[in-house]
Amino acid sequence: MKSTNLLSVGVAGFLAVAVQGAPVWAATGVQVGASGKTYASSGVQCALHPTIGMAPLAKAGLYNPKQSSTALVSLNGSGVANVTFFAPDADVWLANGANTVVVALNRRTADTYAFDASLSYPGQPNMCIPDTSGNTVSADLETAFSGRSSATVTPGCAWNPLTGGPQPYINLFDNGAYLLNVSVNNVPLTQLNGTTRRHTPVFLSAGLNVISAAYGALSTDYYVRDGGDGTCVLP
């Protein structure tokens, strides 16, 4: 396999090649490079980074690779990963602002993809963290601007049976019979009805967690909590 020495070749050498042209859209919703041999996500995604929490992500790699195919994926001029037939794509965690992702097959052939991860409000950690400035905090309870939900501010520590270990958590409350659909980091968790199920624990992963409570199409409440390293010590 040639992939073992791709990262040892200077990234600048790859970026100096002539770009093959603008990527095109495939029927699957990804961008396929002008070479026809590489691809990237159709747009920026929000996903759970293993240490910093919710963050902007793109995927890039080989498109319909042959068994001998290899490439270097780089972000803003720095190598990110080697991709091969056996591991054809890579996660590319984007920086704030404009990003350039290059998938270089060799010194002569490389496809370039642009991703915009610009911030939308002052002090935003990254584009995947919603603005919760409309929420209000009283003592240890944060209430959403809609008034339909509230969440505890300071995480507690409890045993999470799904992970088999202690993990920080908060409680989220339905402030009426609103039928709130609760998600954490874009993953559906449960539904609250304000009567028989009025609150739920929400376990936190490492880094910044985004908790949402959607009342149909009328409103979506957001809360942001830092889960630290995703572990805690039981009292």
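**Notes on a predicted two-disulfide structure**

1. Cys46 and Cys128 form a disulfide, with 2.1 Å between their sulfur atoms. The model is predicted. The link has -90° about the S-S bond and is left-handed. Cys46 belongs to strand E4 (residues 45-49), and Cys128 to the loop between E10 and strand E11 (136-138), so the bond ties together parts 82 residues apart in sequence.

2. Cys157 sits in strand E14 (residues 156-160). Cys232 sits in the segment after strand E20 (219-226), so the pair ties together parts 75 residues apart in sequence.

3. With the bonded cysteines numbered in sequence order, it reads 1-2, 3-4. A disulfide is a covalent bond between the sulfur atoms of two cysteines.

4. Now the overall build. The protein has 1 helix and 20 strands. It has 235 residues, and 42% of them are buried. Take the contacts between residues at least 6 apart in sequence: 52% of these join residues at least 24 apart. The exposed surface comes to about 11,800 Å², and carbon and sulfur atoms supply 56% of that.

5. Which residues touch the most other members of the largest nonpolar core? They are Ala60, Val73, Val92, Leu94, Val101 and Phe115, out of 18 residues in this core. Six strands each supply at least two residues of the core: E5 (53-62), E6 (70-75), E7 (78-84), E8 (89-93), E9 (97-104) and E10 (110-117). A second, separate core has 13 residues, including Val202, Leu204, Ala213 and Tyr223.

6. Val101 deserves a look of its own. Set aside its neighbours within four places in sequence. Val101 is then in contact with Ala60, Val73, Val92, Leu94 and Phe115, and also with Ser74, Leu75, Asp111, Thr112 and Tyr113. Ala60, Val73, Val92, Leu94 and Phe115 are also among the core residues that touch the most other members.

7. Val80 is in strand E7. Is this residue buried or partly exposed? At 36% relative accessibility, Val80 counts as partly exposed. Beyond its neighbours within four places in sequence, Val80 is in contact with Val73, Ser74, Leu75 and Asp91. Asp91 is 11 residues away from Val80 in sequence, and the two C-alpha atoms are 8.5 Å apart.

8. The structure holds 3 aromatic pairs. One of them is Phe85 with Phe86, an edge-to-face pair with 5.2 Å centre to centre and 90° between the planes. Phe85 is partly exposed, at 34% relative accessible area. Phe86 counts as exposed, at 57% relative accessibility.

9. Tyr178 and Tyr215 form another edge-to-face pair, with 5.3 Å centre to centre and 75° between the planes. Tyr178 lies in the loop between strand E15 (165-174) and strand E16 (180-184), and Tyr215 in strand E19 (residues 208-215), so this pair ties together parts 37 residues apart in sequence. Tyr178 is partly exposed at 26% relative accessibility. Tyr215 is partly exposed too, at 24%.

10. The charged end of Arg148 sits over the ring of Tyr178, 5.5 Å from the ring centre. Arg148 is also one of the contacts of Phe173.

11. Where does Phe173 lie? Phe173 is in strand E15. Leaving aside neighbours within four places in sequence, its contacts are Leu141, Arg148, Ser149, Ser150, Thr152, Leu180, Leu192, Arg198 and His199. Phe173 and Arg197 are 24 residues apart along the chain, and their C-alpha atoms are separated by 9.1 Å.

Key: Residues numbered from 1 in each chain as written. Predicted model: local features only at pLDDT ≥ 70, side-chain atom pairs only at ≥ 80, totals over all residues. Heavy atoms only, no water. Core = buried A, V, L, I, M, F, W, Y, C linked by side-chain atoms within 4.5 Å. Buried < 20%, exposed > 50% of the residue type's maximum accessible area, 1.4 Å probe, protein only. Helix = DSSP H or I, 4+ residues; strand = E, 2+ residues; numbered from the N terminus. Contact = heavy atoms within 4.5 Å. Areas by Shrake-Rupley, 256 points an atom, 1.4 Å probe, with all protein chains shown as cover. Phe/Tyr/Trp six-rings, centres within 6.5 Å; stacked < 30°, edge-to-face > 60°. Lys NZ or Arg CZ within 6 Å of the ring centre and 35° of its normal. Disulfide = S-S within 2.5 Å.
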